[in-house]
Amino acid sequence: MRRGGSTMWQFLAGLVVGLALGWWLDWYLSREDARALRAEVAQKNAAIAKLQKELLEARQGGAHPAPKAEAAAPAPVEAHGEPEEAITAYCVKCRAKRPMQNPRRVTLSNGRPALKGTCPVCSTGLFRTIKL
Ligand SMILES: [Zn+2]
């Protein structure tokens with residue numbers, strides 16, 4: 001008895017069973033006694049997520065001590081909340097801190113704000129990141 005009609009009924013039956021299973025699962029998980037189980041699962045998921053985050057941070061801290069874009073700039077260049085008019089940056093050519101000429105605000109590929117300008121003494125490009 002293999003006719004087109006029976007396959008359609010099988011398909012419909014499968015659909016109904018699938019819907020019923022989904023509904024049952026919904027109902028089952030919304031029951032009072034299932035709430036404790038769900039809370040437990042959520043707690044475990046949170047613990048796992050925390051562990052994964054810690055592992056990821058440890059791995060990033062070990063492999064990449066500094067963000068990629070900052071590698072181009074010398075280490076001593078770090079903002080200390082100075083006012084806008086006194087923007088200084090370390091010039092690699094002068095090997096000294098220089099006031100930044102024509103500072104422009106740029107955004108790095110990692111989303112962090114930074115300042116780009118030129119050295120007033122040797123016209124070398126200056127770069128520094130801004131602390132948020
Ligand atoms: Zn310079």
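1. Basis. Residue numbers start from 1 along each chain, in the order in which its sequence is written. Because the model is predicted, local features need pLDDT of at least 70 and side-chain atom pairs count only at pLDDT 80 or more, while totals for chains, interfaces and linings use all residues.

2. Overall layout. The protein has 2 helices and 5 strands. Here helices (H or I, at least four residues) and strands (E, at least two) are DSSP runs, numbered from the N terminus. Along the sequence the order is α-α-β-β-β-β-β.

3. Of the 132 residues in the protein, 7% are buried. A residue is buried if 20 or more other C-beta atoms lie within 10 Å of its own, exposed if 12 or fewer, and partly exposed in between, with C-beta atoms placed from the backbone. Two residues are in contact if their C-beta atoms, placed from the backbone, lie within 7 Å. Among contacts between residues at least 6 apart in sequence, 36% join residues at least 24 apart.

4. β3 and β4. These strands pair in the antiparallel sense over 5 bridges; two strands pair if DSSP finds at least two bridges between them. Arg104 stands opposite Lys116 in β4. The two strands form a hairpin with 5 residues between them, and Gly111 in the turn has a positive phi of about 90°.

5. β4 and β5. This pair is also antiparallel, over 5 bridges. Gly117 stands opposite Leu126 in β5, and the bridge partner of Thr118 is Gly125. The hairpin has 6 residues between the strands, and Ser123 takes a positive phi near 65°.

6. The core. A nonpolar core is a set of buried Ala, Val, Leu, Ile, Met, Phe, Trp, Tyr and Cys residues joined through C-beta atoms within 7 Å. The largest one has 6 residues: Ala89, Cys91, Met100, Cys119, Leu126 and Phe127. At least two residues of this core come from each of β1 (88–91) and β5 (125–129). In β5, 4 of the 5 residues are buried, so the strand is largely enclosed by the rest of the structure.

7. Leu108. Where does Leu108 lie? Leu108 is in the loop between β3 (101–107) and β4 (113–118). Leu108 counts as partly exposed because 15 other C-beta atoms lie within 10 Å. Leu108 and Thr129 are 21 residues apart in sequence, and their C-alpha atoms are 8.9 Å apart in space.
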